[in-house]
Amino acid sequence: MTTAIGRPLDRVDGHAKVTGAGRYSAEIALPGLAHAVLVTSRIPSGRVELIDTYDAERAEGVLAVLHHLNLPKGGSVPPLLPSLFGAAASGQTFFPMQDEVIHYAGQHLAMVVAETLDQAEHAARLVRITYQETASITTVEQGRERAYEAEKIFAGFIPGRITRGDAAAALDRAQVTVENSYYCAANHHNPIECSATTAVWEGDRLTLYDATQGPNATLHTVAELLNVMPSHIRVVTNYVGGSFGCKAMIWDHPALAALAARAVHRPVRLALSREQMFSSVGHREEQEQRLTLGADRDGRLTAIRHHKLSPTSHFDDWAEPSLGVASQMYACPNYEGVYNLIKANTMTPTFTRCPGEASGMFVMETAMDELAERLDLDPLELRLRNYAETEPMTGHPWSSKGLRDCYRRGAELARWSERDPRPGTVRDGNWLLGWGMASSGYPVTPPGNPQRARARIFADGSAVVQSSFSDIGTGSATAMTQVAADGLGVPLERMRIQYGDSDLPNTAAAVGSAGAGMVSAAVHIAATALRDQLIAQAVADEHSPLHGTDPRQVAVSDGRMALRDRPGTGETYAELLQRAFMADAEALGTWNPPGMDTPYGTMTFGAQFAQVAVDPDLGLCRVRQLIGVFDPGRVLNRKTAHSQLMGGMLWGMSHALLEGTIMGPDGRWANASLGEYLVPVNADAPDVVVETIETTDTVVNPLGVKGVGEVGMVGTAAAIANAIWHATGRRHHRLPITIESLM
Amino acid sequence: MVASQLPDAVQGPGPVDVVLNVNGATHVVRIEPRVSLLDCLRDHMNLTGAKKGCNQGACGACTVWIDKRRVVACLTLAIACEGREITTIEGMAENGSLHPMQKAFLSEDAFQCGYCTPGQIMSAVALLDEGHAGSDAEIGEWMSGNICRCAAYPNIRTAIRDVRDGVGGVRSAAG
């Protein structure tokens, strides 16, 4: 029975957020708290010849200056493993301050701990480092000649070369080909809350207040890095001020905070500065892609060749999987995808919202628009002609696919059929107007380990559900409250959610748009297990009105168990528990996710439509409207789900028009601030139309939740670029699309 | 500043007593003169509603009011606020009941992670008092000092309109 699921409930953590009462990880007030500040490398490659800490150590309030010569060595660096696996999830297989070698600019070289933040920041400036610099490579352009084909990428889970059929032969025979190179600038996540950890030791037990997408990911990673038993670590994540992937993997700062706290025998807060956020928690790598489409004259794809080239760190072969969704979107018998890498003096890149899907689908959907232009076909019609009825790489059926409905509804909202296909024909004063569209898709990936939640009801009929996940702003805590209320059959106002604490039942990190699906599975199983347990107790209780009845005929609503066909026969949970002198009852729910080898294609789909206005004299592009229609399976909370999709679409707009981190000639990011790394402000953001088409999916998880965290961003950049072509007649193959390129 | 207005004694660089009026209450904090109003509120007064996002005046997460005008607390020295009336998000709710703008942010889902939200609300309420909420375009322009990385911008505009127009009974008492 469903009464709460789907409702546009206000956020359960909303009151704390609008009053400023919610405590984020750098806001935990503790007696004796000391402050740590990092000192970072000014050069991209070389070694520390000399580190002079004399003045820093003697500065007012300084408690310790830690660096490679005196930092206590801990355990070992765990392997790179996505935090969706639920184990240790180090962002890179390098831990700083272990030797004098410098691999990238911004590398953490020393840490100053002082009584106050100002004292620590001042003393950090007094640490003098003499460098011995060596030659470096920090861009695609510098490293092009040294590129190599990756054996595997993405922590070893994706092969460097993926093929089906014979792409080369099919391209030779293709009646039409479209071939272009594309470039996407590096991106940084830049949540407004910088990463922060507050570390407290009590004897050999460690508590970390950490801004993380996965409290358990922090726990397991720090346990390995410091060689501390996992049972002795607790990670608390009350609130997270955004993440977008930079808090998905665990970087060195939580362990460094713990080491600092151990060194000074005090609680220590280590909060990264905004500038440090550009070289401490990964990034979306700069990348080139080359895409060749082959098709017949009817527009049916016969071949796709998609190659990517991007820099990675010296320690890890990482590339965001830009080829993935682009290879699954259309029916096409011949395919070749290759990841080429360059070893560079950067840190290991990482997940950034839509890791690979955003960049790869910008390329694919721009190329599809060009193919439509070449064939004089409507762009939407071209996509329908190549609609993938089954998953193209495996031939498996889709677990659910509502893409046709998304196209149809999106086209209706955008009045697509009224669009004049010729570019550059519609004006509004100095503005040239254009409309563009693109497909969207984001994979549904199961977590790697069982997901758990605990449901507990008290004798007064109020209940709490507990699970360790953190809510990074997605609204998961709110949605889980709804799932728990429905599962147990109690009203929302009697259900409380407790989360953000590794001491609670295990969940993997809230990453890959998988959080709502996997945690709702555990919460649903826990809540319904408790419901079934209480029904069974009533049926067995000779004092219960339900004694001896068939438990399958008992339904629960508003905290009262009753027979389906005779609602008058029943009693409340509270009556049952009180009669039995039970103060509470509880049940653990465990969801064992399907393996990676499930014989289904699993993806959330969508259709994106954009209207832009371009002033070609001034090089201005204003997005006037974004329309997105998606098929995320079941929607747990319409309000928060639509907010997520809207935010994703505006991220796509930002990817298209604003965001790019520029590598300076000195091997350092040249625009490492919120003043110079452009993100949308209020005036940049148009009104956004979001609709969802609810599809039934019985494969992905018990409630059929496919996820909304990232799919909103996929295809938006291409829809905008295609709209710019429609407005101006010019194609854009580089992101961000800048004023200079529009003039 | 003319010589006669200069303080008698040099203050700092060590900690000094600073008298601040925050949300209607007077506090004496012992801080170094270099401490920003933001760090003073967060680390010395345990008022963490104003957020640190960039510490260089670019993001607006630390927006508070000084004498009813919005300022970024990260670029303001605490010691320079003596004799001023400082208002933070903690001073917005009255007698435990939310300010109409806080209610509107809740009901319109005008935030996700919540980290920029106190600054957005301080800006939004001031914006109405400034008379800068005439149109959506005007709201967008005058709210552009507050970055929301979750991009809840359209909902923020809706929340401000709600309060401006009294939708859902959330009209500002002042407005």
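**Figure 1. A three-stranded open sheet in chain A of the predicted model.** The strands run in the order S24-S25-S26, and their pairing is antiparallel. S24 (554-557) and S26 (570-572) of chain A are the edge strands. Each of these two pairs on one side only. Direction ignored, neighbouring strands of this sheet are turned by 20° against each other on average. Strands of a sheet pair through backbone hydrogen bonds, either parallel or antiparallel.

**Figure 2. Strand S25 of chain A beside S26(A), with helix H13 packed on the sheet.** S25(A) covers residues 560-563. S25(A) and S26(A) are joined by 3 bridges in the antiparallel sense.

**Figure 3. Helices H15 and H16 of chain A cross.** H15(A) spans residues 638-657, and H16(A) spans residues 716-728. Their axes come within 7 Å and cross at roughly 55°. That angle makes H15(A) oblique to H16(A). The crossing of H15(A) past H16(A) is right-handed. On the H15(A) side, the contact is made by A:Met649, A:Gly652, A:Met653, A:His655, A:Ala656 and A:Leu657. H16(A) brings A:Thr716, A:Ala717, A:Ile720 and A:Ala721. By class, the residues of this contact are 7 nonpolar and 3 polar, with no charged residue.

**Figure 4. Domains 2 and 3 of chain A meet.** Chain A is divided into domain 1 (28-135 + 189-278), domain 2 (353-446 + 595-743) and domain 3 (448-591). The C-alpha centres of domain 2 and domain 3 of chain A lie 38 Å apart. The contact takes 19 residues from domain 2 of chain A and 17 residues from domain 3 of chain A. On the domain 2 side, H15(A) gives the largest share, with 3 residues. That side of domain 2 has 9 nonpolar, 8 polar and 2 charged residues.

**Figure 5. Chain A against chain B.** Here 44 residues of chain A are in contact with 47 residues of chain B. H1 (14-19), H3 (117-126) and H15 of chain A each supply at least two residues of the chain A side. H15(A) provides the largest share of that side, 7 residues. The chain A side divides into 19 nonpolar, 16 polar and 9 charged residues.

Figure 6. Domain 1 of chain B puts 13 residues into the contact, and domain 2 of chain B puts in 11 residues. Strand S3 (residues 63-66) of chain B gives the most to the domain 1 side, with 3 residues. By class, that side of domain 1 has 7 nonpolar, 4 polar and 2 charged residues.

**Figure 7. The S3-S4 hairpin of chain B.** S3(B) pairs with strand S4 (residues 69-72) of chain B. The pairing is antiparallel and runs over 4 bridges. Among the paired residues, B:Val64 has B:Val71 in S4(B) as its bridge partner. The hairpin has 2 residues between S3(B) and S4(B). B:Asp67 in the turn has a positive phi of about 50°. S3(B) is also the strand that gives the most to the side of domain 1 of chain B that touches domain 2 of chain B.

**Figure 8. Helices H2 and H5 of chain B cross.** H2(B) covers residues 100-107, and H5(B) covers residues 153-165. The two axes come within 9 Å and cross at roughly 135°. That angle makes H2(B) oblique to H5(B). H2(B) passes H5(B) in a right-handed crossing. From H2(B), B:Pro100, B:Met101, B:Ala104 and B:Phe105 meet B:Ala159, B:Asp162 and B:Val163 of H5(B). This contact has 6 nonpolar residues, no polar residue and 1 charged residue.

Note on methods:
Residues are numbered from 1 along each chain as its sequence is written. Chains are lettered from A and ligands numbered from 1 in the order in which they are written. This is a predicted model: local features need pLDDT of at least 70, side-chain atom pairs count only at pLDDT 80 or more; totals for chains, interfaces and linings use all residues. Axes are lines fitted to C-alpha atoms, for helices over the stretch in contact, and angles run from 0 to 180 degrees between N-to-C directions. Angles under 35 degrees count as roughly parallel, over 145 as roughly antiparallel, 65 to 115 as roughly perpendicular and the rest as oblique. A crossing is left-handed if the near helix is turned anticlockwise from the far one by less than a right angle, and right-handed if clockwise. Two residues are in contact if their C-beta atoms, placed from the backbone, lie within 7 Å. Ala, Val, Leu, Ile, Met, Phe, Trp, Tyr, Cys and Pro count as nonpolar, Asp, Glu, Lys and Arg as charged, and the others, Gly among them, as polar. Two strands pair if DSSP finds at least two bridges between them. Domain bounds come from an automatic or database domain assignment.
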